[in-house]
Amino acid sequence: MLLSSRVKGITDSITMKLNEKALNLNDEGKVIYNLSGGQLPIKPLPEFIENIHHQLNFLKSYQYSPVLGFPALRKKLSAHMAEQRHLPLDIFENDYDCIISNGSKHSIYNCLGALLDSGDEVILLAPYWVSYPEMIKFWGGIPTVVKSNVFDAFVPSIDDIKKAISPRTKAIIVNSPNNPSGIHYSEAWMRDFAAFLLEFPDLIVISDEVYSEISYFDPKPSFFYQYDHTLLSRTIIIQAISKSLASTGLRLGYAIGPSAVIGAMGKIQGQTTSGPNSLIQRALLDFDFKLIDSFLMPVKFHVRQNAATLREKFREANLGHCWYQSTSAFYFMLDFSRTPMFARFEGEQQDFSYKIADELLNDEGITVVPGSDFGIPNSARISLVIEEVPFTEAIIKIVKYLKRV
Ligand code: PLP
């Protein structure tokens, strides 16, 4: 069967192979420490579950919703966004709109489809979320990657971003708090980024903020458009309930941005997936978003605790070159290139991320996500969500592995 060249251009996730192997090893009786998780291992809060139960009784919960989502919920989400970001409460009332989709991944996909013509470039800040480059390529765009490194705690320099601009640059994706680095860019960075954007008035920003509520280190995340509200006229904000409500499987995300872009995203959505899940939208209509803060409190405490364990164990083992302070989301990016074990991997090849992740699984029973998926060679993403005791055991094993020559 001859497949489309478009689909042939999409890279298979190598993580799937590692997960499969981990399952097989587990079946054979080996203890596996799963540090590859991209979701919170807890149920959402009872009030939300209760709302879902309640909405099960209504016919409308089972019928198509409007393509862009229920108007009352779109309004509620926009008002909540304005309040959370300390923006004027009526800021999204004129010239802006909100579209609800089947997860924020779907919102990003529709947004890129609404913006990109073939050959348009989109700037990505590495480490970046794995799906951005593949979605950009699928719509005929070209990802342009701006690197960062562990010494700068994976914060990209604004100068480097400036250098990446070309006449074909259409948009930039900013993901702060960041998956996979587990940091958010500072207020100073956001102010500088806002100033940079003013120099490039045609540049569109996709601001992926799905981890904005999971931050365990002060000062909390801030956003460039808070320092100049005019930038909202070319910003599409991406949000979801996946991480903040521990509801990845319910598939509900949304985008807020200029009406023209949201309308175009609606065209794509209308002819492909139709409106999002009616039941979950209706449950959200009655849900008090203010409850999320207290729901996430123990999550943040736990992630901060595991991050501290990681830091202590690395410091005790003199592995200072691969440590930085993570501040948000629930990940840490482990750079292997300055650790003793890396001596075994030098050679022609540029990136050993997969090989190292495979070895960590075989030798220590630990699954991580290879950094090549995130645009950072010779690294891996560690998830900080598993329980404290197995997490500590896993970190001790990782330290032993990093010191092995
Ligand atoms: N953006 C980032 C940075 C992510 O890490 C993820 C999921 O891991 C998503 C978007 C997509 O989330 P969802 O489609 O579940 O809302």
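This is a predicted model: local features need pLDDT of at least 70, side-chain atom pairs count only at pLDDT 80 or more; totals for chains, interfaces and linings use all residues.

Modeller: Residues are numbered from 1 along each chain as its sequence is written, and side-chain values use heavy atoms, with hydrogens and water left out.

Colleague: How many cavities of 30 Å³ or more does the count come to?

Modeller: A cavity is a set of points, on a 1 Å grid over the protein atoms alone, where a 1.4 Å probe fits but cannot get out. Points are joined across faces, edges and corners, and a volume is the space filled by probe spheres set on them. By this rule, the number of cavities of 30 Å³ or more is two.

Colleague: What volume does the largest cavity have?

Modeller: Its lining residues, those with an atom within 4 Å of a point, include Leu77, His80, Glu213 and Phe289. The largest cavity has a volume of about 60 Å³.

Colleague: Which strand gives the most to the lining of the second largest cavity?

Modeller: Strands are DSSP runs of E with at least two residues, numbered from the N terminus. Among the lining residues of the second largest cavity are Leu124, Tyr132, Ile173 and Asn178, and β3 (121-125) and β5 (169-175) each supply at least two residues. With three residues, the strand that gives the most is β5.

Definitions and conventions. On a 1 Å grid over the protein atoms alone, a cavity is a set of points where a 1.4 Å probe fits but cannot get out, and a pocket is an open set with protein on both sides within 12 Å along at least five of seven lines; lining residues have an atom within 4 Å of a point. Helices (H or I, at least four residues) and strands (E, at least two) are DSSP runs, numbered from the N terminus.
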